[in-house]
Amino acid sequence: MCNEKKYLAENVHLSDDGKSVVIIDQRKIPNELVLLTLSTAKEMYDAIKSLAVRGAPAIGICAGYSIYCLSQQIKAENFEEFYSQFKKDKDYLNSSRPTAVNLSWALNRIDDLVVDNKDKSISEIVKLIGEEAVKIQQEDIAMCKAISEYGFSLLKEGDGVLTHCNAGPLATSRYGTAIGPMLLAKEKGVNVRVFADETRPLLQGARLTSYELDKAGVDVTLICDNMASIVMKNGWVQACFVGCDRIAANGDAANKIGTSGVAILAKHYGIPFYVLGPTSTIDMKCKTGDDIEIELRDESEIKDKFYEKPMAPINVKCYNPAFDVTDHTLISGIITEKGIARAPYTESLAKLFED
């Protein structure tokens, strides 16, 4: 059991000896705060696949530290032998979750580093991998702060914000993305109230988002996903802030299942709908949302995961996509660490990568 006061700082980090990855097991929250130590490729794969660690940026950070730890375990006499095993480990980790672009982004970034330094000794390469993994997390902390500042600029005293799934400190570093503006508002003495969708079927909003906001002293109200419409109709919501796992070049955004429904409702009620995420989540090679692979998960998550007994007949088929894609026409702005991109996104997103 870890110290609750340090949970933000201990989301994902290296062990004291630098040979293992330590994560908070998000499956246990809010009832327990448990640290998991990941030392093998299978443990790392399973942690990502099973959502012990989740949230696109946090997955990227975990992937960076994981490939570093695995690189330390490679026994090789030359670069070719080292790189062969490195690629196997990288591809294995990358197969754990196909939709979150930060996973492949972090692993490819380190792969490029390894290839660029193939003339160095293996020990030097491993050291560089470790330094790069640390950079990935440090950059994410800075990015989350910048994203939070841009998001905060859209809020004013008394605003109601609706969010879906979890894009707070547990899913990223420190402030988070979609939750960051609300945490920053609290720090600056600006009072906003948050409506957190429970986020079926894995309840990330109930278990994680409401937990984070409550711990920070933010006024948070938990609602079922199908209550979003009524709180919007009541005039209680002035903006929707959500995270993202992948953004296509045209602005289509993949996020936790149910997000596109929130965007459709927001459009109907005239409420601005914002997607918040680092530029590493933008996949310029992916032209539209139709090109985003959507992960399908086990039917047990719907039938019996959180129930003492199954809540559906055992033979009933289930369709359980982990994500959906929100069409760019429903998005008021995409908030990144470099600023707020607005339509047309094919132009504004491309400009983010010009420097």
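Colleague: Why is F79 called buried?

Modeller: Buried means under 20% relative accessible area, exposed over 50%, partly exposed in between (1.4 Å probe, protein chains only). F79 has 15% relative accessibility, so F79 counts as buried. This is a predicted model: local features need pLDDT of at least 70, side-chain atom pairs count only at pLDDT 80 or more, and totals for chains, interfaces and linings use all residues. Residues are numbered from 1 along each chain as its sequence is written, and side-chain values use heavy atoms, without hydrogens and water.

Colleague: What makes Y45 and Y92 a stacked pair?

Modeller: Rings of Phe, Tyr and Trp (its six-membered ring) pair if their centres lie within 6.5 Å; planes under 30 degrees apart are stacked, over 60 edge-to-face, the rest tilted. Y45 and Y92 are 4.6 Å apart, centre to centre, with 10° between the planes. That pair is therefore stacked.

Colleague: Which parts does the pair of Y45 and Y92 tie together?

Modeller: Y45 lies in helix 1 (residues 41-49) and Y92 in helix 3 (residues 79-94). Helices are DSSP runs (H or I, at least four residues), numbered from the N terminus. The pair therefore ties together parts 47 residues apart in sequence.

Colleague: Is Y92 buried or partly exposed?

Modeller: Y92 is at 31% relative accessibility, so Y92 counts as partly exposed.

Colleague: Why are F79 and Y83 called stacked?

Modeller: Their ring centres are 5.4 Å apart and their planes are at 10°, so the pair is stacked. Both lie in helix 3, four residues apart, about one turn of the helix. F79, F82, Y83 and F86 form one aromatic cluster.

Note on methods:
Helix = DSSP H or I, 4+ residues; strand = E, 2+ residues; numbered from the N terminus.
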